[in-house]
Amino acid sequence: MTRIVLFENIHASAKEVFVAAGFDEIVTYASALPPDQLGEALRGAHVVGIRSRTHLDQALLSDLPDLRAIGCFCIGTNQVDLEAAVLKGVPVFNAPYSNTRSVAEMVLGEAILLLRRIPEKNARVHEGFWDKTAEGAFEARGKTLGIIGYGNIGSQVGILAEAAGMRVLYHDIDAKLPLGNAHATSSLKRFLSQVDVVTLHVPGGKETTNLMDAEAIAAMKPGSILINASRGTVVDIPALTRALKSGHIAGAAIDVFPTEPKSRDEPLDSPLRGISNVILTPHIGGSTQESQENIGREVAEKLKRYLAGGATKGAVNFPEIAPHEQTGVARILHIHQNVPGAMGALSNLMGEFGLNIVSQQLQTRGKVGYAITDVDGEVTDQVIEGLRAHPITIRCDLT
Ligand code: NAI
């Protein structure tokens, strides 16, 4: 029996994939759980599905002996200790492309709204005022959009922005092929001084923490706009608040925050609240019906392929194998320390248990090796326990 626990309101398309594949012990939660309840909810779980708010750290993972795989039903995976997971023999899967378009559309929409100061005007009309003015309102056409992080989402934003008549510059640490008429710039400071709208599409983590700090924000063109729908740590929020209040920055759209509320009833604690011409959204850049359905299906399919056949193609932390059709009577997934003689030891053990190896695929990554072995012979619980007991073994399962 495989126990699958899904948090954070993962789309029903995921459950459909699991049920169709014959997995029927599926527990779902509508939100993330506080850390003191998470461990209990995960007890006995073989598969866990999360989005961005559930943190799976080393301490928690080491308490979950049955865990076989983790699905991040989103793009980012830095909410999981990936190294701790692979050292436990647990692959982590995500959906790197399913919500690219949703984020890109939202960013372009926000750029246009902020250039026209619509958030501020909308609030004034709701309050009963009719401030009809063209002051500070601009077309997107002919303005320059600056994209920091020209990956899947950044490059898609560039394509949409060009369709709206914007010029597109981008800055990336890697050499990236420009799409459309976009131009690369290597100096971040010069880039910031040239663009009317800056939009951030870099990954989270140490390298990008406070990428937009007080100095970078000061280097932005006076009256320009900042959009962040990447990760909350990328922008120094107090510095942005000061720049908005001084008028150096004319508007901002922030979808992600250094600390985000854990539930819908908890208010966002941010100095940006109440500042005019600022759009604040609750980390919904990728949250559309289309993307959630795609993500649910994409990640559940990857988990299913791992459970059913050992496939790890697309895993973010694990040796990747796209296995061929099963050839023997049984398929054994063996995750071991990547040390000399590991495969010899595995083959000898299988021989001792009377198993004949029909085919075998191996891949290694860092400290971990992963072997899929199709065998003829009787694979009893004792055989699996015997393989598990060997000192090189990290995990061993039958598909
Ligand atoms: P990606 O990996 O395709 O692209 C990231 C790009 O940033 C790469 O081209 C990389 O070379 C570049 N980069 C890394 N460090 C950099 C630095 N210091 N300076 C300049 N460029 C740098 O990622 P993708 O799929 O485009 O996602 C981008 C971000 O959007 C991620 O942080 C992701 O977590 C976030 N995201 C947010 C969503 C939301 O709901 N707001 C939904 C989906 C993704």
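Visitor: In which strand is the place of Val278?
Guide: The model described here is predicted. Val278 has its place in a strand that spans residues 278-280. That strand is S12.

Visitor: Is Val278 buried or exposed?
Guide: The relative accessibility of Val278 is 12%. Buried means under 20%, so Val278 counts as buried.

Visitor: Which residues does Val278 touch, not counting residues up to four places away in sequence?
Guide: Leu226 is 52 residues from Val278 along the chain, and their C-alpha atoms are separated by 9.6 Å. With residues up to four places away in sequence not counted, the residues that Val278 touches are Leu244, Ala252 and Leu272.

Visitor: How are H5 and H7 oriented to each other?
Guide: Helix H5 covers residues 100-115 and helix H7 covers residues 152-163. Their axes come within 9 Å and cross at roughly 50°. An angle under 35 degrees would count as roughly parallel, and one of 65 to 115 as roughly perpendicular. H5 and H7 are therefore oblique.

Visitor: Which residues in H7 are met by H5, and how many residues of each class does the contact have?
Guide: From H5, the contact involves Thr100, Arg101, Val103, Ala104, Glu105, Val107 and Leu108. In H7 they meet Asn152, Ile153, Gln156, Val157, Leu160 and Ala161. By class, the contact of H5 with H7 has two charged, three polar and eight nonpolar residues.

Visitor: How many residues apart in sequence are the parts tied together by Phe93 and Tyr306?
Guide: A search of the whole structure finds six aromatic pairs. One of them is the tilted pair of Phe93 and Tyr306, at 6.2 Å centre to centre with 50° between the planes. Phe93 lies in strand S5 (residues 92-93) and Tyr306 in helix H11 (residues 289-309), so the parts tied together are apart in sequence by 213 residues.

Visitor: Which residues form one aromatic cluster with Tyr306?
Guide: Tyr306 also pairs with Tyr370, tilted, at 6.5 Å centre to centre and 50° between the planes. Tyr370 lies in strand S15 (residues 368-376), so this pair ties together parts 64 residues apart in sequence. Tyr306 is buried, with a relative accessible area of 0%, and Tyr370 is buried with a relative accessible area of 0%. The residues that form one aromatic cluster with Tyr306 are Phe93, Phe318 and Tyr370.

How values were computed: Residues are numbered from 1 along each chain as its sequence is written. This is a predicted model: local features need pLDDT of at least 70, side-chain atom pairs count only at pLDDT 80 or more; totals for chains, interfaces and linings use all residues. Side-chain values use heavy atoms; hydrogens and water are left out. Axes are lines fitted to C-alpha atoms, for helices over the stretch in contact, and angles run from 0 to 180 degrees between N-to-C directions. Helices (H or I, at least four residues) and strands (E, at least two) are DSSP runs, numbered from the N terminus. Angles under 35 degrees count as roughly parallel, over 145 as roughly antiparallel, 65 to 115 as roughly perpendicular and the rest as oblique. Contact means heavy atoms within 4.5 Å. Ala, Val, Leu, Ile, Met, Phe, Trp, Tyr, Cys and Pro count as nonpolar, Asp, Glu, Lys and Arg as charged, and the others, Gly among them, as polar. Rings of Phe, Tyr and Trp (its six-membered ring) pair if their centres lie within 6.5 Å; planes under 30 degrees apart count as stacked, over 60 as edge-to-face and the rest as tilted. Buried means under 20% relative accessible area, exposed over 50%, partly exposed in between (1.4 Å probe, protein chains only).
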